[in-house]
Amino acid sequence: MGLQPLEFSDCYLDSPWFRERIRAHEAELERTNKFIKELIKDGKNLIAATKSLSAAQRKFAHSLRDFKFEFIGDAETDDERCIDASLREFSNFLKNLEEQREIMALSVTETLIKPLEKFRKEQLGAVKEEKKKFDKETEKNYSVIDKHLNLSAKKKDSHLQEADIQVEQNRQHFYELSLEYVCKLQEIQERKKFEFVEPMLSFFQGMFTFYHQGHELAKDFNHYKMELQINIQNTRNRFEGTRSEVEELMNKIRQNPKDHKRASQFTAEGYLYVQEKRPPPFGSSWVKHYCMYRKAAKKFNIIPFEHRSGGKLGDGEVFFLKECTRRHTDSIDRRFCFDVEAADRPGVSLTMQAFSEEERKQWLEALGGKEALFPSFNRAIIPRPEGSAQLDKMGFTILRKCISAVETRGINDQGLYRVVGVSSKVQRLLSMLMDVKTCNEVDLENSIDWEVKTITSALKQYLRSLPEPLMTYELHGDFIVPAKSGSPESRVNAIHFLVHKLPEKNKEMLDILVKHLTNVSNHSKQNLMTVANLGVVFGPTLMRPQEETVAAIMDLKFQNIVVEILIENHEKIFRTLPDATLPEPVTLSASPPNAPPRQSKRQGQRTKRPVAVYNLCLELEDGDRPNLPKEDTPPSSLDSFSSPSPMAAAAHGPPGPDKNHLLADGGTFGDWASTVPSQARSSTVQWLNPQAATTPSCNTAVTPPSPKLASFPLSLPATVADKPPESVINRKARAVYPCEAEHSSELSFEIGAIFEDVQTSREPGWLEGTLNGKRGLIPQNYVKLL
């Protein structure tokens, strides 16, 4: 049973049972008061914990936002860019979530803590004050009564009557106070039900609002999540293919490392110990150096490098070789030694020690010593062994028979072209198909002897056995370049153009195969072979570099993208000619314009201009380069860096006038630094659509410039980027290259932007102009005057 009601009539009787009922009500209010006090304390702790959680989440989001994945090579795929950007998306998601949590924390204070504190202070506090008055009046009332009843009856009547009146008035005041107190007790018991519960309801409403907002954020995030899962799956598939290729190359090099040495610009290079003589009594010491020698120039570079001290690089030296002499062990207490004499330092002779007798003989041969018994350090690229497969009438017959059988029997087979057949059966089928006597006897469409996976594996094996990949060695680098950058439209245009540069037989066979792959992808709901999956399978089959290197294998993912573009745009690429109205394609070997140097000595001074068009090369910032001596270089020296294959050539355009010529023939440390692997340069073609969007996003292939990535704009025909006259006043100009400002005084703009009031700037090589109401500096060679 609950609390008994307090009757007003009982206030006059003031019975012991009435007093018990009052104490029960008072005890309940005291319990309520303690509970609310504890609840307020817990609520404040909840707010503090919420703020701590929010701070931790925000710190976590901040860490996600600041991290950036590094990639191997000189470009990322669209999938990799989206994965890289995903951390910022996660960060933004958490940030939005914490904003809602902050709103919820504020609502807890306003809707729960403050109302409860007000109720406790104004209502329960008022009852406490009434109780004090009631207890005080009770004490006073019964003290007066006791005193009054102790009066002697012998007192005068007037005195007794006056005392009676006073007692009656006191009792009446007590009764009125008792009535008010009883009313207040019962009122507060009823009031607490809504005064307490209503703030709780508001609190939970705020909490539900927060979770609802989280649900809405999750719904908004769901579409991005699905796309990201596809990006991750595509990247994982490409990784699996790349890993198998890397492991295969590693095993080849492990078995025969000498046959897989990379072509080098140096006649000889490697580690040698150099004797450094010291004044007595210290004797001499032997210091390990990385040495590089060019036979044509007789130029010798040596750079001290110690692996054990964490890879500390010392100051290099350069000298020109006069002669080299083998040292016999009777003249020095060390093996594998030889002396070199410098032509530009008369009387200076260095004693060097190779790691083995074989290496010493190789160095002696390269340096023109007496023992020239071994071949040079520079080895030609080992050509792939030619198989019996040929791009002839028999090859087309094999292709058509296999495609017809696959489309008739297994177009809906799950994992088509991904599930491999038994190796022995595949080889037997391929041998029969390539034999003129047995080819016509093989019935692939109706025979149950040949499984579909055996047929698909035989088709892939035939394509791999061709002496040259179907998309040729010559155009391999050209196909890779547009897959690394540019808008989706410009990629399709570039590959469209390149396909029509293929030899006629190659293009015809590629057309037949890609048409079939398009049909396979149209049945992807049944066979699970999406365009991306087919790209993973046929990328390494249709394209491969002439030189097997890790850098080339890292481009496998871009080979896959090229195949994806072919499948998705088969009709346009193979049924129409390239659009002749588009600008002439330009080669990457053409010199791109470089932004002129700024004379200002303020912070953030420009040293080169990255532009978000095509990321062509990886280059050190000036601040990251070692202090190197500068030497003049004849332009023709760049030719000496060309590799026998397109993949081995560098994709760098010539440096601008404000940069150290790192690739110079007369350079020092730059000779060594320039051997960093890079992408194809020679005859590489870009098909640039000037109207294509260049805004970086996950949906476009344009990569924003980073501090370590120099992105040069491609050269347009000479008639487009005309050089403005030296003095320009109040002219208009149109942008022929996009540009991203690196300082507040410079303008950012896209291709086609029109500048007003263009004038020559005091900064050499720069113009001043107005774009969209903002005035700033413009690189002179990025615009054409109108």
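## Aromatic pairs

Phe 67 is partly exposed, at a relative accessible area of 44%, and Phe 69 also counts as partly exposed, at 35%; buried means under 20% relative accessible area, exposed over 50% and partly exposed in between, with a 1.4 Å probe and protein chains only. The model is predicted, so that local features need pLDDT of at least 70 and side-chain atom pairs count only at pLDDT 80 or more, while totals for chains, interfaces and linings use all residues. Residues are numbered from 1 along each chain as its sequence is written, and side-chain values use heavy atoms, with hydrogens and water left out.

The whole structure holds 21 aromatic pairs, where rings of Phe, Tyr and Trp (its six-membered ring) pair if their centres lie within 6.5 Å, and planes under 30 degrees apart count as stacked, over 60 as edge-to-face and the rest as tilted. Phe 67 and Phe 69 form an edge-to-face pair, 5.3 Å centre to centre with 85 degrees between the planes. The pair of Phe 93 and Phe 221 is tilted, because the ring centres are 5.0 Å apart and the planes stand at 40 degrees.

## Helix packing

Helix α6 (residues 393–409) packs against helix α12 (residues 504–522) at an angle of about 5 degrees, with the axes 11 Å apart. The two helices α6 and α12 are therefore roughly parallel to each other, a term for angles under 35 degrees. Among the α6 residues that meet α12 are Phe 396, Leu 399 and Ile 403, contact being heavy atoms within 4.5 Å.

Methods. Axes are lines fitted to C-alpha atoms, for helices over the stretch in contact, and angles run from 0 to 180 degrees between N-to-C directions. Helices (H or I, at least four residues) and strands (E, at least two) are DSSP runs, numbered from the N terminus. Angles under 35 degrees count as roughly parallel, over 145 as roughly antiparallel, 65 to 115 as roughly perpendicular and the rest as oblique.
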